[in-house]
Amino acid sequence: MSRTKKTATAVVGGLPRVDLLPPEVRAERHAGVVVRRAWMGVAVAAVVVAIGAGGATIVSIEANDELLASQAETQQLLIEQGKYTEVREVKSDIQLLTAAQTVAGAAEIPWPSYLAQIQATLPAGVTVTTITIDQASPIADYQQSDTPLQGARVGTVTFTAQSTTLPSVPDWLDGLATLPGYTDATPGSVTLEEGVYEATVTMHIDQGAFSNRFAPTESE
């Protein structure tokens, strides 16, 4: 087994150096360097944390300023809206009245003009003397007839007419059939008293007789 021999090398012209410090001193110096480096790292970390905290504080302040500005704007808008409270209340009242009018007028029949139309269908010399009206209401269904041949209705008009000549009831019924909302009509008895003929007719009408003047339009 071969061994490698170490050869001492002399440095010619170099300065003689002798380390007379004990090992404890050298260890203490090395420990001081490590401690200084550690404190330097702590200082750098503290600076980084301080910068981060400062940036977060600035962002928080900016966000708080934006929040305050938004709250101020909202408050101003509420103040402006408060100026129009009465206008909104009036508008709401108008809408409620319009809705109530629509409901109440849903079953409206213009009776004066409708009765004038009934009179106009009668032959010359025939005069309506008495009229009885029974009509549906906006909140209740109108009672329907149990008779199969009678159609659905929303109202009933019973009238008595007088004539000096014998009335042609079928002609009366044909004239009534031209009225809006006409459903059917039933003649009653014809009597003669003191030279005057009197006849009674019961007529049923449907929704075609409604005026619809309060019905909402397509634009509403």
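Let's start on the surface, where Met 40, Val 44 and Val 48 make up a nonpolar patch with about 310 Å² of accessible area together. Patch members have over 30% relative accessible area and no salt bridge, and nonpolar side chains are joined within 5 Å. Val 48 sits in helix α1, residues 23-82. Val 48 counts as exposed because its relative accessibility is 53%; exposed means over 50%, buried under 20%, and partly exposed in between (1.4 Å probe, protein chains only).

A quick word on what you're looking at: this is a predicted model, where local features need pLDDT of at least 70 and side-chain atom pairs count only at pLDDT 80 or more, while totals for chains, interfaces and linings use all residues. Residues are numbered from 1 along each chain as its sequence is written, and side-chain values use heavy atoms, leaving out hydrogens and water.

Now for the inside. Take Phe 159: leaving aside residues up to four places away in sequence, its contacts (heavy atoms within 4.5 Å) include Ile 118, Leu 176 and Val 201.

Tyr 114 also belongs to the structure's 1 aromatic pair. Its partner is Trp 111, 5.9 Å away centre to centre with 85° between the planes, so the pair is edge-to-face (centres within 6.5 Å; planes under 30 degrees apart are stacked, over 60 edge-to-face, the rest tilted). Both lie in helix α3, 3 residues apart, or about one turn. Trp 111 counts as buried because its relative accessibility is 13%, and Tyr 114 is buried too, at 2%.

Definitions and conventions: Patch = residues over 30% accessible without salt bridge, like charges linked within 9 Å, V, L, I, M, F, W, Y side chains within 5 Å. Areas by Shrake-Rupley, 256 points an atom, 1.4 Å probe, with all protein chains shown as cover. Salt bridge = Lys/Arg side-chain N within 4 Å of Asp/Glu carboxyl O. Helix = DSSP H or I, 4+ residues; strand = E, 2+ residues; numbered from the N terminus. Phe/Tyr/Trp six-rings, centres within 6.5 Å; stacked < 30°, edge-to-face > 60°.
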